[in-house]
Amino acid sequence: MTNHKPEAKSRSDEAAEGPDGGWSWPLVGALFVSTSLVFGLMRSLGVFFVEFVQYFEESAQAISWISSTGLAAQQFFSPLGAALCNAYDTRVVVMTGGFLAGLGFILASQATCLVHLYLSMGLISGLGWGLVFTPMVATVVANITRRRALALGLGFSSIGIVSFIFNPLFQFLVETYAWRGALLILGGLSLNIVPCGALIRPQRRPKAPEKVDSESRPSCAEVLQRVASYVELPLLMERPYLTYTSAVTLLNVGYFVPYFHLVAHSRQAGFSDYQSAFVMSAAGATDILGRVASGWFSDLGKFRLLHLLTLWTGLAGVFIMLLPVSSVFGSYAALMVISLLYGFCSGAMTSLVFAVVPMIVGVERVMGALGLLQLIESGAGLLGTPLSGLLKDVTGNYIASFMVAGGFVVLGTLTMTTLPHYFSCTDPPSPRRRSHDDNDKSLHFELEQISRSPSDAGHRGVQ
Amino acid sequence: MKLLWAVSALLLCCWRASASTAPNIITEPSEVVNQTSAVLSCNLTESSLPIKGSHWMHNGKLVDSSMSTDATPYTTLRLDKITHSSSGKYECVFMTDPEVKQTIEVKTLPHVSTHKHSEHGNENDKGVMVCDSHGYPLPTDWTWVKEVDGIQTPIINGTSDKYEIKSTPNKTTLTINDLSINTDIGDYICFGTNELGTSHDKIHLRVRSRLAALWPFLGIVAEVIILVAIIFIYEKRRKPDEVTDDDDSGAAPLKSNSNANHKDKNVRQRNSN
């Protein structure tokens with residue numbers, strides 16, 4: 001027995017520890033590519049919307065529903081993706097998701113009416129994206145421990161980098177091949193998610209229910225219970241997870257507001273179109289920098305990830321509130337500086353938001369936790385932008401919108417401070433799932449050791 | 001009888017006199033044709049009415065700089081550079097009671113232009129090319145010509161289903177149905193003619209093949225399949241190594257250094273101890 005334990009531990013060490021495991025950094029590359037093909041693509045579809053408005057002769061609002069449907073589908077189907085990964089093989093799920101995402105665009109290229117676009121580009125591609133994003137992030141989080149935040153930061157930096165490439169590329173594709181041909185090629189590009197999924201190693205299934213039912217048909221309640229366990233529904237009963245989810249939801253209400261309204265606000269404050277657009281691009285550049293820098297810095301282990309996260313979110317909230325103040329005084333330099341700082345902080349916080357989750361729920365529940373998190377925070381996105389638009393319509397300028405947005409972010413930060421053991425200097429041991437199975441117990445023990453290691457490193461760093 | 005004649009002559013004279021005291025504007029020149037610059041002048045004669053001022057109107061809109069409150073019966077407007085945008089109908093208006101005005105027409109060659117010099121159309125779809133014109137007077141005649149290798153062939157409306165030309169004085173539209181890559185690629189020139197002459201502009205039509213996008217798409221799909229195949233094959237190659245790993249670690253005791261391949265594993269095991 002004693003012989004087996006350390007060997008089993010070394011085996012899972014080899015599988016789980018980041019820098020040593022040769023297979024883990026290609027995973028970061030896979031995350032980079034798949035994130036860019038999911039969110040980077042979603043952000044650059046504006047070129048097509050101009051074409052759609054002209055071809056289908058519909059209003060811009062009707063066309064913008066396409067991307068809203070896609071984003072909503074991605075977030076809605078995240079728990080489904082997580083559950084399928086828990087039930088079956090992650091690799092198969094991600095590859096299927098990539099295939100669906102590509103299929104959606106290929107079908108969209110044959111669309112003859114707007115509803116076709118909603119169903120193909122919106123629903124099918126959104127479903128594919130939902131099956132890809134959460135499993136990829138969860139896999140990276142589970143497989144890399146020492147450099148987790150850096151890996152996530154590198155992976156998410158793709159969104160910013162790729163948007164510089166995709167916008168002119170899509171413009172070129174639309175001009176050369178017309179929007180139908182361009183969508184077809186985009187479908188092919190999206191299919192590149194499939195090799196990214198193939199990079200995930202086929203897993204042993206520690207989470208599959210061990211006892212085989214002797215009866216041929218499981219009862220309805222059992223099926224429901226199994227599904228609930230795959231989706232990690234019991235997580236919603238745990239206070240730490242619930243606290244964290246509400247904090248992230250509050251963050252999301254305010255987080256997107258500057259991206260939507262900063263350009264319009266700058267123009268209203270009296271700056272030229274070119275200056276306003278440049279502010280946005282500069283904020284985007286510092287966003288990329290923030291993601292990578294914060295990921296690298298967090299992994300040095302000098303501070304707890306949670307403390308760093310609250311630092312960045314608090315700063316981001318403060319800077320959002322300062323944004324209208326700086327432009328009200330008409331100083332372009334002040335607006336630029338605050339936007340750069342805001343970009344850095346918001347990028348810094350995105351690479352940490354997901355890295356903190358395993359500390360709260362334990363590594364093996366990360367998949368379901370992320371799925372539920374995506375679903376719940378989607379509501380915030382739906383609330384935040386219309387609310388800020390409404391405030392602008394009511395008050396006539398953007399000051400109230402930014403203030404409220406910054407307020408929500410700060411509120412989210414404060415909520416995060418109510419997490420248990422927040423004020424301790426080291427991470428508490430992350431919870432492990434209660435299981436009646438011996439095999440699971442030993443595996444959990446090892447995984448707990450692994451998830452403890454960053455706090456050990458932190459401890460050493462503090463000393 | 002003589003009295004009747006005298007009275008009627010007097011009335012006639014009065015009437016004629018009142019007619020001859022109606023204000024008359026003498027314009028110089030009476031119209032401007034194809035000149036690069038001009039000075040328009042209006043001279044109000046034979047008017048006893050008080051003049052409160054004068055101004056000029058261009059195509060019904062006031063020329064701001066011409067507003068004057070001088071009581072002179074003479075006003076000029078200087079046009080330094082006459083282009084299609086400054087052509088049109090100019091009116092000098094004298095602020096008498098009632099107002100009197102006279103029109104001078106400034107005519108130039110039509111300015112024919114197109115918004116898109118390069119048009120795209122899809123194969124078997126239709127291609128639409130539009131030319132419009134600004135200036136005065138607007139073209140009365142529009143013609144389209146197709147130019148291939150320097151040879152111009154006129155396009156006549158109505159001869160076949162392929163070409164449709166719709167023209168209004170300020171815009172002309174050429175629609176080509178059922179585009180074909182072999183015959184329809186080339187330059188199309190629109191000519192607009194008014195009483196002074198003709199101007200033209202050129203549009204280049206490109207026909208996109210229906211299957212043009214298919215080749216890059218198939219290329220990308222092939223690349224995806226190759227990548228997935230490489231990954232799977234690499235894994236199959238590695239798997240036998242991993243299987244032997246498990247067997248060895250199960251059998252060999254903890255501190256054994258015998259197998260050089262598992263050097264890393266042993267190092268890790270020592271660290272974990």
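1. In chain B, the unreviewed UniProt entry lists residues 213-234 under the name "transmembrane region". In this structure, which is a predicted model, that stretch of chain B is 95% helix and 0% strand, and its end C-alpha atoms lie 32 Å apart.

2. Turning to chain B as a whole, a reader will find 4 helices and 17 strands, and 33% of its 273 residues count as buried. The chain exposes about 17,100 Å², of which carbon and sulfur atoms supply 57%.

3. Over all chains the count of disulfides comes to 2. One of them joins B:C42 to B:C92, with an S to S distance of 1.9 Å, and it links distant parts of the chain, since B:C42 belongs to strand β3 (residues 38-45) and B:C92 to strand β7 (residues 88-94), 50 residues apart. The torsion about the S-S bond of this pair is about -90 degrees, and the disulfide is therefore left-handed. Both B:C42 and B:C92 are buried.

4. The other pair, B:C131 and B:C190, forms a disulfide with sulfur atoms 1.8 Å apart. Because B:C131 lies in strand β11 (residues 127-134) and B:C190 in strand β16 (residues 186-193), this pair ties together parts of chain B that are 59 residues apart in sequence. The link of B:C131 and B:C190 is left-handed, with -80 degrees about the S-S bond, and both cysteines are buried. When the bonded cysteines are counted along chain B, the pattern of its disulfides is 1-2, 3-4.

5. Is B:T108 buried or exposed? B:T108 counts as buried because its relative accessible area is 7%, under the 20% cut-off. Neighbours within four places in sequence aside, the residues in contact with B:T108 include B:I82, B:H84, B:Y136, B:P137 and B:L196.

6. In chain A, a nonpolar patch on the surface is formed by A:V318, A:L322, A:V325, A:V328, A:F329 and A:M403, which together have about 510 Å² of accessible area. Helix α14 (residues 305-328) provides the largest share of this patch, 4 residues. A:F329 is found in the loop between α14 and α15 (332-353), and it counts as exposed because its relative accessibility is 69%.

7. Two cysteines of chain A may be set side by side: A:C85 is buried, with a relative accessible area of 1%, whereas A:C113, at 30% relative accessibility, counts as partly exposed.

Note on methods
Residues numbered from 1 in each chain as written. Chains lettered and ligands numbered in written order. Predicted model: local features only at pLDDT ≥ 70, side-chain atom pairs only at ≥ 80, totals over all residues. Heavy atoms only, no water. Patch = residues over 30% accessible without salt bridge, like charges linked within 9 Å, V, L, I, M, F, W, Y side chains within 5 Å. Areas by Shrake-Rupley, 256 points an atom, 1.4 Å probe, with all protein chains shown as cover. Salt bridge = Lys/Arg side-chain N within 4 Å of Asp/Glu carboxyl O. Helix = DSSP H or I, 4+ residues; strand = E, 2+ residues; numbered from the N terminus. Buried < 20%, exposed > 50% of the residue type's maximum accessible area, 1.4 Å probe, protein only. Contact = heavy atoms within 4.5 Å. UniProt positions renumbered as here; feature names shortened; annotations may be inferred. Disulfide = S-S within 2.5 Å.
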